[in-house]
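Hi,

Here is the structure I promised to pass on. Have a look at it first, and then read my notes below.

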Amino acid sequence: MTKPDEFDRELLQMFTEEVRERASDMEQALLAIEDTGEAVEKLRLQEQLLRTAHSLKGAAGLLQVRGVEAICHWMEEILSLTVNERLALEKPQLDLLLSAADAIQDAARLLEIGEMPSPAHGESVVDALKAAVAGGADHGSGKPNLRPPQTRQVPVRTSDTDGSMRVSADRLDTLLYRSGELLSFNAIMRRHAEEASLLREQARKLRRVSPEFAAHAAGIESGLRQLATSLRGDMRLMHSAATALDHEVRHARTQPFAQACKGLDRVVRDMAAGSGKLAELEIKGGEIEIDRSILSSLQDSLRHLVRNAVAHGIQSPEERRKAGKPERGRVLIAAVISGDRMQVRVEDDGRGLDVARLSKAGPDLKEVKDEAELLRRVFEPGVSTSAKVTSLSGRGIGLDIVKRNIETLRGTAEVSQVSTGGAAFTLTVPLTLATVRALEVIAGEHVFTIDTASIQRVIRIDAPDFAISEDRGIVTTPTGPIPFLDLANWLGLRSGRGDTGQAVPAVVVDAPGGPVAVLVDAVAGEQELLARPLGPRLAKVRRYSAGMVLANGRIALLLNVAALAEAAAEARPPDGTAVPEPVPAARRKVLVVDDSKYVRTLVRLILEGAGYDVAIASNGKEAFEQLLEDGADMVVADVDMPSMNGFELTEAIRQSERFTDTPVVLVTGRETLEDKVRGLRAGANAYLRKDQFDAQHFLETMRRVV
């Protein structure tokens, strides 16, 4: 055992906390895998465990704690075998991995008492893990049956760990929440003062209207005036004290951004040396003060991106000479403040992302033609920018971790090519997680919030502004067509919009792929709100980023803008049926049938805006059953659907004695004349193509055929 150098003590202390936390996470995940009987849940936990081992391996390599690095590497090998083959870990493997987690925990105990684990730490565990990997590879099963080795337990004395006293981040969090509550309560006091002033005006009017109560009303008016004045004075004092407290607590929680970059220069140097490259790290904006909770969460993402830049971006000295570049590559980390957010750009001057290789990285990517969309997909699990798997890269895990980490911080991650060569990743995160300037919106009679830092503008959309493009719903705005998402529909709620003939309110949000219009029932207002973590039950629900405490004490969920944008951008979302609106008897009812959820939503919005009532079905068979049970005045159907296509549905309607005269309009992506003739022969009253879809023409067709 050796004592750590003084230079590394601060970095080592941060690493010690990470080792302890991640070893505990590993143990909990392994026990959860053992307890659950659901295969899907087992695989999800194994993927989570793989990410944890991958992240800790990178941190251990940074500090050159080789024993922990080796354990994590071979844990990662075993987990990769089972995850790639979609195999659940069995008891011998679980016992082996638990022993590995114990060895990592032992290393954390040694670090806590000031001793650096030797490179041979956990050697017996590493040997067993290697044998397990060899057994899985030889037999193609990934199911070695090995007994876990015995690991040495390091006794820890209380006197070894409590020699110093620190204020925990949790206590600072609590203080910040309390100061935020004071600021929130100040808004409540302001409302009470306004109510007192309003009551005073009412008392004044009462005195004028009812002379018999004049004296009594004058007394009430005087008392309310004094109360309002007193409340305003108290409010000013409380606001001043609460603001000062909030400022001091926030300042106590901040650290310079350079803290998040500590040790990354060593990552660049060691990785470059290990791969025969030359590279250096440059940091800009290191003096920017940022909330330490965000800072600590950024460290893991920055480590992944820097490793990614050296492993995939920076070329060898010979390649760089041929390309006319300096032999030594450069990785730049630059932080800037933009409003109430910070942008961190990690850029290299290497070869850039290989778009051709990316398009072959997965079956879903082969159909992606847009380069910007293809680049955004590098954040998906299993998509790697590396041609081969090494101990440093190639598994398609790192960028997925980055995206998840940044979204947890209520931020976004974007990627782009640098015009002069190289790739750039831009991380946008808030300066604090405690309070958010938020817009309150209503969907399905529930209040939700959207961070105003992500909002471009609020607009209203008329029915003719909806259209279809490549089987996706879009809306026409003054700045051009953009995809949209009906918030109530997406959340599975019944829309609370009243008069469907009126324009639909929408919030246009910024997203990595471009702006998106989020349709809502109403916009309630904007204010500074407290943000609370969702807790373990909702921690994995990507739709929400936090819980917001409203002025009336109710909780509103903060929506994840990245998840909203992804849902709007999906060309073919998962099957699902939208909740139908209540149907007044006096209005014409249209049954809309399409296996694309977005097309169903689009057509529903257009028809409701024109005064129709709408029912929904996702295929022909479901539609015909609905028609027999509930009836309809007309049917709008797609042609290509499962169970029963549009042609077959039309023929079934025409052969039905009850609905033989019901108008049918086919809206389809089929372009040939033969298909149109077949549709009309089946009995359709009109045949419209999606690639030429126009809302006004569609409504005119509906009025004509009815």
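Arg-543 lies over the face of Trp-490, 4.5 Å from the ring centre; I call a charge over a ring when NZ of Lys or CZ of Arg is within 6 Å of the ring centre and within 35 degrees of the ring normal. Keep in mind that this is a predicted model, where local features need pLDDT of at least 70, side-chain atom pairs count only at pLDDT 80 or more, and totals for chains, interfaces and linings use all residues. Residues are numbered from 1 along each chain as its sequence is written, and side-chain values use heavy atoms, with hydrogens and water left out.

On to the aromatics. Searching the whole structure turns up three aromatic pairs (ring centres of Phe, Tyr and Trp, the latter by its six-membered ring, within 6.5 Å; planes under 30 degrees apart are stacked, over 60 edge-to-face, the rest tilted). One of them is Phe-448 with Tyr-544: the centres are 6.4 Å apart and the planes at 5 degrees, so this pair counts as stacked. Phe-448 sits in strand E9 (residues 446–451) and Tyr-544 in strand E17 (residues 544–549), so the pair links parts of the chain 96 residues apart (helices are DSSP runs of H or I with at least four residues, strands runs of E with at least two, numbered from the N terminus). Both Phe-448 and Tyr-544 are buried (under 20% relative accessible area with a 1.4 Å probe, protein chains only; exposed is over 50%, partly exposed in between).

Phe-466 and Phe-484 make an edge-to-face pair, at 5.4 Å centre to centre and 75 degrees between the planes. Phe-466 belongs to strand E11 (residues 466–469) and Phe-484 to strand E13 (residues 480–486), so this pair ties together parts 18 residues apart in sequence. Phe-466 and Phe-484 are buried too.

Now the sheet. Five strands form an open sheet in the order E20-E19-E21-E22-E23, with parallel pairing (two strands pair if DSSP finds at least two bridges between them). Strands E20 (613–617) and E23 (686–689) are at the edges with a single partner strand each, so one side of each has no neighbour in the sheet. From one strand to the next the twist averages 20 degrees (axes are lines fitted to C-alpha atoms, for helices over the stretch in contact, and angles run from 0 to 180 degrees between N-to-C directions).

E19 (residues 589–593) and E21 (residues 634–637) run parallel and are joined by four bridges. Val-636 of E21 is the bridge partner of Val-592, and Ala-637 that of Val-593. On to E22, which pairs with E21 in the parallel sense over three bridges; there Val-665 is the bridge partner of Val-636. Which way do the E21 side chains point? Met-634 and Val-636 go one way, Val-635 and Ala-637 the other, and all are buried.

Elsewhere, Ala-23 lies in helix H1 (residues 9–35) and is buried, with a relative accessible area of 1%. Beyond its neighbours within four places in sequence, Ala-23 is in contact with Ala-101, Ile-104 and Gln-105 (contact means heavy atoms within 4.5 Å). Its C-alpha atom is 9.1 Å from that of Ala-100, 77 residues away along the chain.

Last, confidence. The chain averages a pLDDT of 78, and 78% of the residues score at least 70 (pLDDT is the predictor's confidence in each residue, from 0 to 100). Residues 139–166 have pLDDT below 50.

Cheers
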